[in-house]
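Hi there,

Here is the structure I promised to pass on. Have a look at it first, and my notes follow below.

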Amino acid sequence: MSLLAPFGLLALLTLPVIVVLHMVRSRRRRVVVPSLLLWQQIPLRPSTRRRRLRLTLLLLLHLIAALLIGLALAQPQIVLPWFGPHRSIAIIIDTSTSMALAEGGTTRLERARQRAATVIEQMGWQDQVVLISAGPSARLIDYGRSAERSRLLAALAGVGVEGAGSDVSGALTIAETLLLDQPGARVLWLTDGALPPPNAMDLHLPLQIEVLGTAQPNRAVVALAARRGSSGAVYLYARLANYGTQSFRGPVRLLVDGQLSQAETVSIRPNAVVELTWTLPGSIQYIQLEFAGNDGLPLDDTATVNVDGQRPARVTLVAQAASALVRVLQAMPDVTLTVVEPATYTPDPTTDVTIFVNTVPTEWPDGGVLVINPPDSGLLPNTGTRLAEPIVTLTPAGEPLLRDVNLSGIAWGRIGMLELPDWLTPLALSGDTPLLARGRFERSEIAVWNFDLNNSPLVGRLAFPLLVVRTVRDLMPPSLPSSLTLGTPLTYKADLRATHLDVQAPDGSWQTYPLQPALPIIIEPTQAGLYHLSEWAGTQLLSAMTIPVNAGAIGEADPTPRLTSTTLGPVATTPTTQPVTVPQPLWSWLLIATIIVLVVEWFYVQRRPSVEAR
């Protein structure tokens with residue numbers, strides 16, 4: 001114990017003063033008598049008894065209160081075991097795909113969770129633990145002290161395999177951000193050692209590496225790709241790997257849209273890969289390849305790929321005569337075309353793209369809208385026509401859409417002198433008059449072609465179908481990738497009409513994402529398999545799609561540890577921080593005890609008159 005203000009002990013001199021006051025105070029007892037006449041005739045005699053101190057509860061309370069106040073004024077500090085040096089440790093758990101490999105009945109990830117749980121259960125009174133996952137991207141799981149032990153264990157139980165790759169550098173950055181100023185802080189990395197260690201020169205905290213796992217064989221589907229040829233046939237490519245010391249021979253099955261299509265047996269030499277190809281006829285949505293690897297990591301023995309990631313398009317053409325445009329639209333795959341007369345047109349909420357030729361609607365329909373040769377209207381004011389210039393100038397906004405589209409040397413004829421609203425951006429200019437424009441209005445993606453198809457030689461050039469296809473696809477949400485690797489987030493851009501998106505995971509669980517127009521959302525797949533996505537506009541289903549998520553990857557297929565358990569220290573120039581024992585002040589507790597004693601004394605004094613009266 002130490003004292004910050006030892007002169008405060010002078011207040012203890014009040015203890016003898018309190019004793020003296022209790023000795024000299026009157027000890028006579030009050031008695032009620034009928035008369036004092038007889039008492040007055042008794043001669044007074046000097047008292048020969050020595051005055052003795054009576055030990056009463058009130059005296060004890062006074063002495064205790066004075067003692068506590070004197071000690072509090074001295075501001076004592078004490079070092080207690082539970083307030084002594086504490087440990088701060090960051091536990092980084094490798095959540096890459098290879099951690100799902102089972103050895104001896106338990107996976108490497110389960111062993112990592114058990115080791116981390118042991119550290120948490122052995123926490124001291126003031127120890128601090130930080131839980132971090134190192135998957136494709138580092139993530140802070142939770143952190144806390146011994147009082148939050150149950151919460152930390154619950155968070156640890158929810159840690160699972162997150163995908164290909166292990167962002168150890170990001171995990172170390174999180175650990176150093178939280179613990180760099182903590183005395184004696186260190187980092188524990190629980191991994192299977194499939195990745196190289198970080199650079200020791202970049203470490204600012206001691207890093208203890210614990211490798212969980214031994215060399216194990218693994219067979220995996222490391223690549224799967226499909227494309228549709230011009231004849232309609234589907235060409236499939238697969239790459240299978242055998243990471244083991246023995247040759248492997250096993251069956252491979254192909255499932256087309258969930259139905260078994262082909263099966264064959266393949267042989268792979270030790271530590272080698274084999275490439276396979278197939279040609280499949282017919283209309284196919286997705287293909288699944290199953291490889292019986294008979295190993296401890298079945299997660300990468302299956303892969304799925306979408307054949308056509310392009311969204312199907314329901315197109316409504318509002319025109320009296322547009323034969324060239326009709327031919328191009330009918331030739332586009334996954335396009336369902338409906339042609340209506342302008343006089344009979346009514347908005348259809350199921351239409352993805354509406355094309356108006358020589359007419360303009362009274363209000364913009366939701367979804368994609370293409371207006372060709374618009375007349376003067378309230379939506380697109382037109383002050384007249386002028387002869388177009390043969391030279392077309394592309395604006396920066398038009399470069400992505402019109403790149404490689406040759407619009408030079410075309411006699412455009414007369415074009416409208418449009419007054420574009422603020423939400424429309426010119427893509428191509430004829431002089432200073434917009435020829436092509438693009439914009440977004442509320443829940444509508446809108447494109448404007450300011451020329452007459454019937455009087456333009458563009459329809460006879462190769463640029464015309466290319467321009468039609470690009471414009472229609474640009475008015476629709478982007479296509480989905482053919483597949484994703486587990487742990488890769490999907491940036492999903494929904495239809496402007498959509499209000500929410502339902503996502504069904506491979507295990508059957510659902511998650512609903514609310515949607516805002518033109519704002520993408522991030523979908524983070526946590527399971528390998530086929531995800532089902534459904535876009536809704538209120539209760540109207542707009543589209544239903546699938547996206548495969550595969551666990552197989554080149555960097556994860558070989559589970560052989562490349563590290564050994566070791567400890568890496570910080571750079572030599574970093575000063576070593578020694579644990580410091582911080583004394584804990586006691587004056588506040590002494591004041592609280594004094595207040596309690598004074599409250600007890602007050603109750604005692606209030607009770608005494610009634611006792612004496614009895």
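This is a predicted model: local features need pLDDT of at least 70, side-chain atom pairs count only at pLDDT 80 or more; totals for chains, interfaces and linings use all residues.

Domain 1 takes in residues 2–79 plus 585–607, and domain 2 takes in 88–214 plus 560–568.

UniProt, in an unreviewed entry, lists "domain: VWFA" for residues 90–193. Over that stretch the chain is 34% helix and 29% strand, and 18 Å separate the end C-alpha atoms.

Helix H4 is worth a look. Its 14 residues, 108–121, reach 20 Å from the first C-alpha to the last, close to the 20 Å expected at 1.5 Å a residue. Buried in H4 are Arg108, Leu109, Ala112, Ala116, Ala117, Val119 and Ile120. What do the buried residues of H4 pack against? Their partners are strands E3 (88–94), E4 (102–103), E5 (106–107), E6 (128–134) and E8 (186–191), together with helix H5 (149–157).

I also looked at leucine 276, which sits in strand E14 (residues 272–280). Is leucine 276 buried or exposed? Its relative accessible area is 12%, under the 20% cut-off, so leucine 276 counts as buried. Leaving aside residues up to four places away in sequence, leucine 276 touches Leu236, Tyr237, Ala238, Leu240 and Val266. Valine 266 is ten residues from leucine 276 in sequence, with 9.2 Å between their C-alpha atoms.

Happy exploring!

Best wishes

Terms used:
Residues are numbered from 1 along each chain as its sequence is written. Side-chain values use heavy atoms; hydrogens and water are left out. Domain bounds come from an automatic or database domain assignment. UniProt positions are given in the numbering used here, feature names are shortened, and annotations may be inferred rather than shown by experiment. Helices (H or I, at least four residues) and strands (E, at least two) are DSSP runs, numbered from the N terminus. Buried means under 20% relative accessible area, exposed over 50%, partly exposed in between (1.4 Å probe, protein chains only). Contact means heavy atoms within 4.5 Å. The expected span of a helix is 1.5 Å times one less than its number of residues.
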